[in-house]
Amino acid sequence: MLPQPKPGIMNIDIYVPGKSRAPAGVKLHKLSSNENPLGPSPKARQAIIDSASHPELYPDGSASALKEAIARAHAINPENIVCGNGSDEILSMVGQAFLEPGDEVVFTEHGFLVYRIVAHSCSAVPVVVKETDECADVDAILAAVTDRTRIIFLANPNNPTGTYLPIDEVRRLQAGLPGNVILVLDGAYAEYVRRNDYESGIELISSCNNVIMTRTFSKIHGLAALRVGWCYAPRRIVEILERVRGPFNVNGTALAAGVAAIQDRGHMERAIEHNDKWLARLTQAYGEMGLRVTPSVGNFLLVHFPDEPGRTASDADAFLTGKGLILRAVTGYGFPNALRMTVGTEEANTAVIEALGAFMAKPDNL
Ligand SMILES: *Cc1c(COP(=O)(O)O)cnc(C)c1O
């Protein structure tokens with residue numbers, strides 16, 4: 001007899017991160033993981049350096065300073081916050097705390113891959129719901145809810161599509177759920193959205209007992225390497241998550257950098273402004289080349305390629321990689337003929353526009 005994992009574990013496709021390699025001698029532009037092209041706030045960088053002087057000390061397990069800083073930035077109560085080793089860890093904690101074998105976890109067909117991993121790791125059943133026009137569909141989600149449903153995961157905006165649900169639709173979704181079903185609103189890209197009908201869900205959480213919002217320092221704050229995220233949740237859910245959380249789950253460097261990053265509003269504004277400008281320019285440039293782009297409100301765009309030998313997404317991926325431009329293949333997300341591109345630096349964006357222009361204009365099969 002060999003040791004056997006729990007049911008579901010072997011159904012997990014191991015998560016493959018965005019590539020980060022280019023041919024030797026070519027300058028690399030990594031546009032495959034939605035990282036911040038401006039990097040973190042200089043104040044966060046300094047906090048990282050300062051934090052290196054006492055690695056022998058355990059970090060503050062309750063993450064008090066970080067919760068205080070987040071609470072101030074968002075005008076919420078620190079007692080409603082849980083911090084995690086990236087928001088991925090929060091998603092896992094929610095599964096660990098609330099899922100029993102055979103329970104159902106609902107998410108949409110192009111939803112973030114981690115949701116499926118969370119479901120399988122808890123021996124729960126992933127229930128995948130169709131989207132409409134590459135966007136989550138509230139009626140379809142509600143129709144998938146059964147008496148075994150425990151969690152709905154909804155990234156808003158979603159990765160890799162970049163599409164979003166207006167807050168009225170999110171409210172309608174919550175209103176249609178039984179009280180024992182948790183709605184997890186994954187706001188990894190919330191800061192980037194510039195739409196009047198969008199809200200991350202903070203107010204909904206203040207008035208409902210079954211909604212959780214997760215957020216991350218990996219994207220707008222440029223701290224992906226440090227692994228720090230958090231959630232805002234009703235008190236009862238916080239008390240449950242605090243029981244399954246590792247005692248020192250967020251390291252001391254991440255805590256210090258997070259505090260500095262969230263206090264630097266100016267740096268965030270610059271990152272948002274840079275993104276706004278280039279998201280629009282890239283969308284327009286690709287449209288002019290005849291490439292369809294899913295309308296995105298995030299810091300990335302999903303570019304669809306022609307179904308034509310020599311001009312498919314994998315041809316484009318190989319062509320771009322040869323020039324050191326690393327985008328993300330998204331076959332695992334149900335898009336075999338698209339690539340996801342992170343909005344990069346001016347230099348990187350200009351290089352991709354130029355390279356894709358050449359790729360689309362070249363004679364067939366060259
Ligand atoms: C990047 C991303 C996250 C963030 O994960 P971290 O663990 O905080 O780095 C969460 N959800 C979605 C949809 C993402 O794209």
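Tutor: A residue is called buried under 20% relative accessible area, exposed over 50%, and partly exposed in between, with a 1.4 Å probe and protein chains only. This is a predicted model, in which local features need pLDDT of at least 70 and side-chain atom pairs count only at pLDDT 80 or more, while totals for chains, interfaces and linings use all residues. Residues are numbered from 1 along each chain as its sequence is written, and side-chain values use heavy atoms, with hydrogens and water left out.

Side chains of opposite charge can pair when their charged atoms come close. The criterion for a salt bridge is a side-chain nitrogen of Lys or Arg within 4 Å of a carboxyl oxygen of Asp or Glu. By this rule the protein has 18 salt bridges.

One of them joins E347 to K27, with an N to O distance of 3.2 Å. Because E347 belongs to helix α12 (residues 346-361) and K27 to the segment before β1 (29-30), this pair ties together parts 320 residues apart in sequence. Helices (H or I, at least four residues) and strands (E, at least two) are DSSP runs numbered from the N terminus. E347 is partly exposed, at a relative accessible area of 46%, whereas K27 is exposed, at 53%.

A second pair is formed by R235 and E79, at 2.7 Å from N to O. Here R235 lies in helix α8 (residues 235-244) and E79 in the loop between α2 (64-74) and β2 (81-84), so that distant parts of the chain, 156 residues apart, are linked. R235 is partly exposed, with a relative accessible area of 39%, and E79 also counts as partly exposed, at 46%.

E109 sits in the loop between β3 (104-108) and α4 (114-121), and K130 in the loop between β4 (125-129) and α5 (138-144); the two residues are 21 apart. With a relative accessibility of 26%, E109 is partly exposed, while K130 is exposed, with a relative accessible area of 61%.

Salt bridges also link K67, E242 and R245 in a network.

As for the setting of these pairs, the secondary structure of the protein comprises 12 helices and 13 strands. Of its 366 residues, 54% count as buried.
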